[in-house]
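Visitor: I'm new to this structure and would like a friendly tour. Could you show it to me and help me read it?

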Amino acid sequence: MRIAIIGGGIAGLAAAYELEKARAAGAPVKYTLFESRHRLGGSLASETVDGAVLEQGPDSFLTEKPAAAELCRELGLGDQLLPSNDANRKTYILVRNRLVALPDGLMFLVPTKLIPTALTPLFSLRTKVRMALELLHPPRPSQGDESVAALVERHYGAEAVDRLADPLLSGIYGGDSVQLSARTVLPRLVEMEQKYGSLTRGMLAAHNKMRAMARTSAQQGKAGKPAAPRHIFTALRGGMQQLVDALVARLDPAAIRLAAPVQSLRRNGESWVVETASGREEYDAVIAASPAWAVGALLKPVDAQLADELTAIPYSSSITINLVYDEARLGQLPEGFGFLVPVSEGRSMLACTFVHRKFLGRTPPGKAVFRAFLGGMKRDFLLGESDEALVATVRREMREILGAQVFKPGVEPEHVQVTRWNRAMAQYAVGHKERMERIAARVAALPGLRLAGNAYDGIGIPDCIRLGRKAAQELAAASTTLAAQAH
Ligand SMILES: Cc1cc2nc3c(=O)[nH]c(=O)nc-3n(C[C@H](O)[C@H](O)[C@H](O)COP(=O)(O)OP(=O)(O)OC[C@H]3O[C@@H](n4cnc5c(N)ncnc54)[C@H](O)[C@@H]3O)c2cc1C
């Protein structure tokens, strides 16, 4: 079976790796990976400057989703996995130009601890009273999808959306809580609302259940002692580029076409015709791992309805700016990993990570690395600004937020890196689940077509890896079955 992979981001690379493994194990598969840029990895990109690892795209992945760490171990990168420095985990929200720490006990936007919630200056008294009364919410039967903002506002009020839901979602994924689907982005909360009514009660019940399970297994001697709490994020010591390089090293170089954007995709009987600037080639199957808007454009002549569904998936654009400083020339930073900025603060920055604090050992001693995140659904116009203007804005905002005692006059960054990500992050808008069902039904009617990437079933790196590998495994299994039938 000849398989074309369109897109060499992490999803496409994971698919290629899986096909390479299947080929080595004897499956009758042959693949070609088409990537429009001159480099592989898509959003995963990092460089090391004077010993400091600078991430241009993602800096880590969620530890609780195993697909990424598993792949790293399989590729021999197990000793490169680096836990986030959770002992020092503290995140601030900017409220009226003051950094306020997220209160202790916050779980998935849900406050679960009475005293920290009562004492935090993050919320007004009115919101705190509302948070207490939330415990009385009656269970709510499913009424279809709604936005994350609507769900959070119904439970905790508009201030919780502005100061919590929106900055968390936009600071991490450039998302807009008014557009994002509660059912897709926060499925656990939607289930809890149906069962318990109150999200706080639901979260506490889930937490207690987990603790009881951990105690039981410890008593039964299963684990010997209670499991240590796992770190939330995992990075790679040398940066995400290590994962890209390790994957590429396992692939057949002759199967990779760089600077080769697929220009059109057509059916010819049972085959797929893939056209690039170098000509047309026929394949038995296609793994479409480019962004959904790009796949939609290619599939227009094949299935216009499927193409419309794919192009309707919104994407956000973003900018990351890394600034490296000599730590000795800076004043004392607040503790923790960094801060998030609500849109209501009227700033350009959405978030800032104190990189040297979040992952230890990736910044040389004596250096401080700040990573600013800008853009998102509400500020994508910033991508049109020059690097100089963006850096000037970020430096001014950091000085105004962290204070002139941290960024003293005359102190310049030693290195600056600006990266633009145009329409790189899919947004799971209200109705995403239903859209996925319609897409799945139409894809099923097109033999040999598989979709993989961040637009479908998880935006993070582990989900993209899972989908890429699954697409490749399905096609490799089908090729083996077909070969067996032919004999
Ligand atoms: C700034 C930023 C920070 C992030 N932070 C995190 C994080 O900390 N943790 C986390 O888990 N996730 C994070 N993400 C999300 C995660 O990185 C992405 O969702 C994931 O990498 C997407 O992988 P992908 O393969 O689906 O798509 P992409 O990486 O977008 O790859 C798609 C590839 O397709 C290529 N392509 C497009 N059109 C064509 C065509 N016609 N022909 C051939 N090739 C084509 C593109 O050039 C690209 O290389 C972040 C993303 C960004 C942008």
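Guide: Gladly. Let's begin with burial: a residue is buried if 20 or more other C-beta atoms lie within 10 Å of its own, exposed if 12 or fewer, and partly exposed in between, with C-beta atoms placed from the backbone. Here, buried residues make up 45% of the 487 residues in the protein. This is a predicted model, where local features need pLDDT of at least 70, side-chain atom pairs count only at pLDDT 80 or more, and totals for chains, interfaces and linings use all residues. Residues are numbered from 1 along each chain as its sequence is written.

Visitor: How many helices and strands are there in the protein?

Guide: Helices (H or I, at least four residues) and strands (E, at least two) are DSSP runs, numbered from the N terminus. The protein has 16 helices and 22 strands.

Visitor: Which residues of helix α11 are buried?

Guide: They are Ala292, Ala294, Val295, Gly296, Leu298 and Leu299. Because 6 of the 8 residues of α11 (residues 292-299) are buried, this helix is largely enclosed by the rest of the structure.

Visitor: Where does Met398 lie, and what is it in contact with?

Guide: Met398 belongs to helix α14 (residues 387-402). It counts as partly exposed because it has 19 C-beta neighbours inside 10 Å. Leaving aside neighbours within four places in sequence, Met398 is in contact with Cys352, Phe370 and Phe407. Phe370 is 28 residues away from Met398 along the chain, and their C-alpha atoms are separated by 9.6 Å.

Visitor: How many residues surround the ligand?

Guide: A residue is near a molecule if its C-beta atom, placed from the backbone, lies within 6 Å of it. In this model 36 residues surround the ligand, the closest being Gly7, Gly9, Gly42, Pro58 and Gly460. Elements giving two or more residues to this shell are α1 (10-24), β17 (315-326), β21 and α16 (461-486).

Visitor: Which domains does the shell draw at least three residues from?

Guide: Domain bounds come from an automatic or database domain assignment. The shell around the ligand draws at least three residues from each of domain 1 (2-43 + 243-313 + 428-486) and domain 3 (317-426).

How values were computed
Two residues are in contact if their C-beta atoms, placed from the backbone, lie within 7 Å.
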